[in-house]
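Let's walk through a protein model together, one question at a time. Keep the picture open as you read.
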Amino acid sequence: MPYPTIRIPFGPQHPALKEPEYFMFEVEGEYVVDVKPRIGYAHRGIEKAAENRTFIQDLYLIEHACGICSDAHTTCFTQVIEEILGVDIPARAKFIRTIIAELERIHSHSLWVGLAAHEIGFDTLFMYVWRDREIVMDLLELVSGNRVHYAINTLGGVRRDIAPEKSEKIKKGLDVLQERMKYYKEIGETEQTVLKRTAKIGILRPEDALALCAVGPTLRASGIKHDVRADDPYIAYDEIPFEVVTYDECDVLSRLLVRCDEMRESINIIRYALDHLPGGEISVKVPRRVPEGEAVGRVEAPRGELIHYARTNGTTKPERYMLRCPTLGNIPSVCKMLVGGYIADIPIVLAGIDPCFACMDRMAFVDVNKDKRWIWSGEELRKYGINWYQKE
Amino acid sequence: MAMVKELLRHIFRKPVTLKYPFEKSKPAEGMRGRPIWDMERCVGCELCFRDCPSGAIEMIGRGSEAEFKHHLDRCIFCGRCEEVCPTNAIKMTEDYELASYDRAEMIIDFKRTRNESI
């Protein structure tokens, strides 16, 4: 006789999640048979706040959308606004933006390797990876002036130059990092603790990954070669040779290996960019008023494809600003990965997409006339849509 | 067991963490810490006040009479005020130990020294 399914609520507060988010799991024995996510617990109203501030202020507001991929957000913001303005930034600024973007990718991926090790109970690896992550954090502080919110991008270029002596320091730091990251990849491939918890766990087939619009390392770990840096090059990526890393195993282990290899590629990109850093200005002056127009920007953030949209009306403030963060793109695929797996694998599979709920949560429904506010899950929204059309 | 060699190598090493507050890490050159106003140079153009993304700068009075209140608890240390200042009156210092139990202590006044005899 089959067991009845049991519903297990997970979150919004749960030790396995660093941020508040809610998942309802339906389980049959030890197997997960259905997952219903409910997002919106970390809503901060960033888009509305952006409409009430000038473009210069928005630059720093948008940067605070995420504490880990802060540079990706400003790169995308400047890309969108510069497109509306019709400004072409100097080549040196493009290279400096690329260097910071790649340093950030190393810091984000090594953070993830540490967190994944922590989720599987391998705290030794977690401590060691995070110790070596300090090298890249110090390099970011050296170049930009802050460890987390670099604030190096500005409209029309970058705010700080990379002097030759700083460039030498970065290269020295990268040499150490390269050795360490190679070692951690070896650990991932050989250590039984890692293999037992990650190999053949959280499978996402390539066809599912495409159908569910997975992005970033999650997509590339399913063997699909898609990277905005290569497919739609922005800043200086069209001038720098690099390889798009893919793995075919479709499990958490391949997500780990994709990130390890991407760190290696990032180190190569930074070395190339430092050696080929063009001379000249680092920024051009841009007007405070942005003409009427709209634009969409795409950036490969450490977690995947990040999309920004802006509509301007000729004033100093945007009329509408929208962010689509990579975590939102990966939520349907993480639900697919969890189905059919064990309850015990939930934390590592969830951590496998490198979720960042605070950047994702900007969706809430507000009825202005009744001054009422509520949050819907995808299922409720779908039902509402069907009922609404039936009434018509 | 792949990490055993690495662990053995570290047994006799010192911990990598610093014993804060007895040992402090030296901030990198150009780190953005607490901003300070040089009121001798300030011309009261309002640019820092208008551009501040977090509303941390409060301006009292106008023009060359203007005085400032800097709200450390709101400041995000982006350095926009330093960048936009036309007379270089604002400098980001390397002061990063800014925590306090009292929010009133986190409002820093920048007043002009008035010469009463004139």
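**Sheets and helices, step by step**

Q: In what order do the strands of the open sheet with β6, β7 and β8 of chain A lie?
A: This is a predicted model, so keep that in mind throughout. Three strands of chain A make up this open sheet, and their pairing is antiparallel. Reading across the sheet, the order is β6-β7-β8.

Q: Which are the edge strands of that sheet?
A: An edge strand here pairs on one side only. From one strand to the next, the twist averages 15°. The edge strands of chain A are β6 (293-301) and β8 (318-324).

Q: How many bridges pair β6(A) with β7(A)?
A: Strand β7 covers residues 304-312 of chain A, and β6(A) pairs with it in the antiparallel sense. As one example of a bridge, A:E300 has A:E305 in β7(A) as its partner. The number of bridges between β6(A) and β7(A) is nine.

Q: What angle does the direction of α3(A) make with that of β6(A)?
A: Helix α3(A) packs on this sheet. The strands that α3(A) touches are β6 and β7 of chain A. Its direction and that of β6(A) make an angle of about 150°.

Q: How are α2(A) and α3(A) oriented to each other?
A: Helix α2 (residues 55-63) and helix α3 (residues 70-85) of chain A pack with their axes 8 Å apart, at an angle of about 150°. An angle over 145 degrees counts as roughly antiparallel. So α2(A) and α3(A) are roughly antiparallel.

Q: What classes of residue make up the contact of α2(A) with α3(A)?
A: On the α2(A) side you'll find A:F55, A:D58, A:L59, A:I62 and A:E63, which meet A:S70, A:H73, A:T74, A:F77 and A:I81 in α3(A). Sorted by class, the contact has five nonpolar, three polar and two charged residues.

Q: How many bridges join β1(A) to β2(A)?
A: Strand β2 spans residues 22-28 of chain A, and β1(A) and β2(A) run antiparallel. The number of bridges joining β1(A) to β2(A) is five.

Q: Which residue in the turn of the hairpin of β2(A) and β3(A) has a positive phi?
A: β2(A) and β3(A) pair in the antiparallel sense over seven bridges, and A:E26 stands opposite A:D34 in β3(A). The hairpin has two residues between its strands. With a phi of about 65°, the residue asked for is A:G29.

Q: What is the handedness of the crossing of α4(A) and α11(A)?
A: Helix α4 (residues 91-119) and helix α11 (residues 252-275) of chain A have axes 9 Å apart and pack at about 155°. That makes α4(A) roughly antiparallel to α11(A). By class, their contact has 14 nonpolar, four polar and four charged residues. The crossing of α4(A) and α11(A) is left-handed.

Q: How are α5(A) and α6(A) oriented?
A: The axes of helix α5 (residues 123-144) and helix α6 (residues 164-190) of chain A come within 10 Å and cross at roughly 160°. Anything over 145 degrees counts as roughly antiparallel. So α5(A) is, relative to α6(A), roughly antiparallel.

Q: Is A:K182 buried, exposed or partly exposed?
A: A:K182 is found in helix α6 of chain A. Buried needs 20 or more other C-beta atoms within 10 Å, and exposed means 12 or fewer. A:K182 has 13, so A:K182 is partly exposed.

Q: How many residues of chain A are in contact with chain B?
A: Chain B brings 15 residues to this contact. Those on the chain B side divide into nine nonpolar, two polar and four charged. The number of chain A residues in contact with them is 19.

Terms used
Residues are numbered from 1 along each chain as its sequence is written. Chains are lettered from A and ligands numbered from 1 in the order in which they are written. This is a predicted model: local features need pLDDT of at least 70, side-chain atom pairs count only at pLDDT 80 or more; totals for chains, interfaces and linings use all residues. Axes are lines fitted to C-alpha atoms, for helices over the stretch in contact, and angles run from 0 to 180 degrees between N-to-C directions. Helices (H or I, at least four residues) and strands (E, at least two) are DSSP runs, numbered from the N terminus. Angles under 35 degrees count as roughly parallel, over 145 as roughly antiparallel, 65 to 115 as roughly perpendicular and the rest as oblique. A crossing is left-handed if the near helix is turned anticlockwise from the far one by less than a right angle, and right-handed if clockwise. Ala, Val, Leu, Ile, Met, Phe, Trp, Tyr, Cys and Pro count as nonpolar, Asp, Glu, Lys and Arg as charged, and the others, Gly among them, as polar. Two residues are in contact if their C-beta atoms, placed from the backbone, lie within 7 Å. Two strands pair if DSSP finds at least two bridges between them.
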